[in-house]
Protein chains: 2
Amino acid sequence: MSQFDDETRLQISGEGVCAGPVHSSWNIGTNPNGGYLMALAVSALRTQMPRHPDPVSVTVHYLRPGLGDQTCQVSGQVLRSGATLSTGRASLVQQDKACLEVLAAFADLAANSNASSASGSNFSLPAPTVAAPAIPPPDQCILRSGDEQGVELTIMNRLDIRLHPGEVKSGAAGKAQVTGWIRFLDGRPPDSLALLLFADAFPPSIFGLLGLVGWVPTIELTVHVRRRPAPGWILGQFRTLDLADGRMIEDGALWDSTGQLVAQSRQLAMLRRQK
Amino acid sequence: MSQFDDETRLQISGEGVCAGPVHSSWNIGTNPNGGYLMALAVSALRTQMPRHPDPVSVTVHYLRPGLGDQTCQVSGQVLRSGATLSTGRASLVQQDKACLEVLAAFADLAANSNASSASGSNFSLPAPTVAAPAIPPPDQCILRSGDEQGVELTIMNRLDIRLHPGEVKSGAAGKAQVTGWIRFLDGRPPDSLALLLFADAFPPSIFGLLGLVGWVPTIELTVHVRRRPAPGWILGQFRTLDLADGRMIEDGALWDSTGQLVAQSRQLAMLRRQK
């Protein structure tokens, strides 16, 4: 049993409801990481999607910060159950207050690989995809600090994150981009659920342009899982595309150790300047 | 009163519930366009967000095709109401079946422009944004056909869409990209609600690479409205980023007549080959 599996597993406590602890081991400062909460809620919701284990499109709106080492309840509802896709929604509640609202579609990415000719994707042209960027290997990258802007990253006891040496110094990249490697510290291989966490575990890409600017709370995060990842390191690249009126769009992509695109992400976040 | 306003306005029929007709005038073939249905549902939901008229992050999952010239009910629920942001969900139902599930955050984009210094975005560096692509003016672009692959585009009686001459011929662009201009035929100026429609009104970008490949039903569409648009034409560019196992990711961006980025979109769609 891995730490991630152990700490994202809730118990079924009623019709469509799961309950259990939110672990503080994935905290950024005093609150659980948003990607961890997303994985926790999706893990609970997919207990209702027995044929479709892979989240292929997940949107979360963060209504309130989560609370580590407190119980949560995830209430899920199946909206549609089809042959190739199941869709559902869920809300994660702590202390009677909704923290996350989730809307997600699930599929079986392994099954769909075999059914590709039936689903009409066997075109003669090379299919479009997003190529992985060039980056030094993990042992030439810089371990993400467990302390950023005086904020303790407890999550760095769970994750091994190595950042591009040209981008790691705050504000030094001259562009709003962060590139690096990520894996679980306990050796658990990546899967579609882990990609939800990995899509929200790098430093905010705006740091590369502006330096340490303060808190960047996520309003909404959407992750598309494109393929099941191969074992090994996951490569991630994140860019701030647009910043206006204190709200920014950050785009991300994740590739597995074979160089295949495995997930894309986009989030709307607020930029709150450090006092 | 514009056609778009007239045909996206439902009547309040109960606590959090609006009802009224889905108009077939926005049809693609026999079903209403997905962007129109998104605008219809969001228009109903925002009646519950009096302080925040602009949808800034909208995700829709399309559960079943909509039905033109049939009644619909939109049931909305406020999930959080804050000072700068309100969040809600809604479902659009026709003939007792859920067609759309919506999760959305709303703000006041005009108010936030004035509050930019307070919200911490007044950095000295130019803020990142996405520049508009170069494209010939509308009168040198090609009117989108009202008949594509034998499918009647009734919506072309409502919208004026002009496509880049180098991309309009099916499969000719050699890349999965569509660029063009869009506006309402009746002269209604664009606003944040209209951008939801405009983000889903161009031909599927995969046509530029593969030719007319059949039906491309949207599973999920997320639109971020970044700024209120100036009057005039809206420029749109859409690209298929990744195609795997019959499912594709299409990214889009919209710019207003002053060249400002006004919306970004991403959708997960299925590619069903024409028989």
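**Exercises on the interface of chains A and B**

Chain A and chain B bury about 5,400 Å² between them, with 58% of that area on carbon and sulfur atoms. The model is predicted.

**Exercise 1.** Describe the interface of chain A and chain B by its residues in contact and its polar contacts.

*Solution.* Step one, the residues: 62 residues of chain A are in contact with 62 residues of chain B. Step two, the polar contacts: 23 residue pairs across the interface qualify, both residues being at pLDDT 80 or more. Step three, the composition: the side of chain A that touches chain B has 31 nonpolar, 19 polar and 12 charged residues.

**Exercise 2.** State how many salt bridges are counted between chain A and chain B, and check the pair R226(A) and D242(B) against the cut-off.

*Solution.* The count is 8 salt bridges. For R226(A) and D242(B), the closest N and O atoms are 2.6 Å apart. The rule asks for a distance within 4 Å, and R226(A) does form a salt bridge with D242(B).

**Exercise 3.** Is R266(A) buried or exposed, and which side chains does its own side chain meet in polar contacts?

*Solution.* Next, apply the cut-off: the relative accessible area of R266(A) is 4%, and buried means under 20%, so R266(A) is buried. Then take the polar contacts: the side chain of R266(A) meets that of D251(A) at 2.5 Å and that of D251(B) at 2.7 Å. Finally, list the surroundings: beyond four places in sequence, the contacts of R266(A) include E220(A), L241(A), H224(B), Q264(B) and R266(B).

Definitions and conventions: Residues numbered from 1 in each chain as written. Chains lettered and ligands numbered in written order. Predicted model: local features only at pLDDT ≥ 70, side-chain atom pairs only at ≥ 80, totals over all residues. Heavy atoms only, no water. Contact = heavy atoms within 4.5 Å. Buried area = accessible area lost by both parts, 1.4 Å probe. Salt bridge = Lys/Arg side-chain N within 4 Å of Asp/Glu carboxyl O. Polar contact = N/O pair within 3.5 Å; in protein donor to acceptor, adjacent residues only side chain to side chain. Nonpolar A, V, L, I, M, F, W, Y, C, P; charged D, E, K, R; others polar. Buried < 20%, exposed > 50% of the residue type's maximum accessible area, 1.4 Å probe, protein only.
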